[in-house]
Amino acid sequence: MLVNLALLDALKAQGANDIQRTYDAYDKALSYDTSLGRMEIGEQFSRFALSAGTRPELTTEFRSMMLRRSIELAERIVQENPSDPRSRLFLAIILSKVGIYDKALEAFDVALKLSPMKHQVYFELADAYLQMGNTKKAVEVMEDIYQKTKNFGAVGFNLVVVHLLNDEQDVVDKLLLENFGTVDVGDDLLARAYRAVGNQARLAGALEALVATTTANKNYSASTDYRLQLASTYHKLGRTKDAIRELQIVITERPDFATTGNDIIAKLRRGEKVEF
């Protein structure tokens, strides 16, 4: 009970963006020193530490201290649960996020041996290779689990994304056509990947599919968000009329956007470049 209360305090402080109070609350929660507490709270604390580690207002010493403590916690959890793939994965993720890639890869290797079909291990390992700038290895990792499962789903979309990041659009198209019969597939991960590589034409196709799917499912909040992204993409492609059409629909569905939306439309009609 005390551990849960301390964790609740930490989450409240984190929600209030109070770094020091958040750290103090996690410190208190971890002081109860239970194996369960270390696993559950340790993961939460590490996510907080990794996120706070990018905050420029924190001192280098404070950021380094939190990251060191995250690694120490993860290593202790592994010692207590040496045959648990989750603990190995936890350690591997932290080590990769702070750039200790040699030890991270060792931890990933053990996690895969303990749980060779756990998708999350492959996803995180591929992500580590992407952080290292080794897209070829990321592709190999995702091809491995895809061949083992032959189930598209999350595995397939992650495979498509690493091929895309490896500048293999032809492979991406082949996989999408084989599994969906079209290259314009409505998937958020795929859309974010197209945005990351700057492929606006394919991003438009993915967003069009997402708008159609979310509208059909009556998820109007999501469809409006995707429609606004689609309008921005059309603008970047020089498709001004299409951008204006989508913005007008957004204004209809979200009246609080009317002033901003109409201002953007006016600028588009004047031929101005607008970021939105």
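## A serine in helix 13

In this predicted model, the side chain of Ser223 reaches the backbone oxygen of Tyr220 at 2.9 Å, where a polar contact is a pair of N or O atoms within 3.5 Å, and within protein one atom must be able to donate a hydrogen and the other to accept it, with residues adjacent in sequence counting only if both atoms are side-chain atoms. Ser223 belongs to helix 13, which covers residues 220-236; helices (H or I, at least four residues) and strands (E, at least two) are DSSP runs, numbered from the N terminus.

Ser223 counts as buried because its relative accessibility is 0%, with buried meaning under 20% relative accessible area, exposed over 50% and partly exposed in between (1.4 Å probe, protein chains only). When residues up to four places away in sequence are not counted, Ser223 touches Val211, Thr214, Thr215 and Glu253, a contact being heavy atoms within 4.5 Å.

## Two further residues

Thr233 also lies in helix 13, and with a relative accessible area of 3% this threonine is buried. Leaving aside neighbours within four places in sequence, Thr233 is in contact with Gln200, Leu203, Ala204 and Leu207.

Leu177 has its place in helix 10, residues 169-180, and counts as partly exposed because its relative accessibility is 46%. Not counting residues up to four places away in sequence, Leu177 touches Thr182 and Val183.

## Helix 6 against helix 7

The axes of helix 6 (residues 101-114) and helix 7 (residues 119-131) come within 10 Å and cross at roughly 160 degrees, the axes being lines fitted to C-alpha atoms, for helices over the stretch in contact, and the angles running from 0 to 180 degrees between N-to-C directions. That angle makes helix 6 roughly antiparallel to helix 7, since angles under 35 degrees count as roughly parallel, over 145 as roughly antiparallel, 65 to 115 as roughly perpendicular and the rest as oblique.

From helix 6, Tyr101, Leu105, Phe108, Ala111 and Leu112 meet Val121, Tyr122, Glu124, Leu125, Ala128, Tyr129 and Gln131 of helix 7. By class, the contact of helix 6 with helix 7 has ten nonpolar, one polar and one charged residues, where Ala, Val, Leu, Ile, Met, Phe, Trp, Tyr, Cys and Pro count as nonpolar, Asp, Glu, Lys and Arg as charged, and the others, Gly among them, as polar.

## Helix 14 against helix 15

Helix 14 (residues 240-253) and helix 15 (residues 258-269) pack at an angle of about 165 degrees, with their axes 10 Å apart, which makes helix 14 roughly antiparallel to helix 15. Helix 14 passes helix 15 in a left-handed crossing.

Helix 14 contributes Thr240, Ala243, Ile244, Leu247, Gln248 and Ile251 to the contact, and helix 15 contributes Ala258, Gly261, Asn262, Ile264, Ile265, Leu268 and Arg269. The residues of the contact of helix 14 with helix 15 divide into eight nonpolar, four polar and one charged.

## The chain as a whole

The protein chain holds 15 helices and zero strands, and its C-alpha trace spans about 60 × 45 × 35 Å along its principal axes. Of its 276 residues, 44% count as buried, and among contacts between residues at least 6 apart in sequence, 45% join residues at least 24 apart.

## Basis of the values

Residues are numbered from 1 along each chain as its sequence is written, and side-chain values use heavy atoms, with hydrogens and water left out. In this predicted model, local features need pLDDT of at least 70 and side-chain atom pairs count only at pLDDT 80 or more, while totals for chains, interfaces and linings use all residues.

Note on methods:
A crossing is left-handed if the near helix is turned anticlockwise from the far one by less than a right angle, and right-handed if clockwise.
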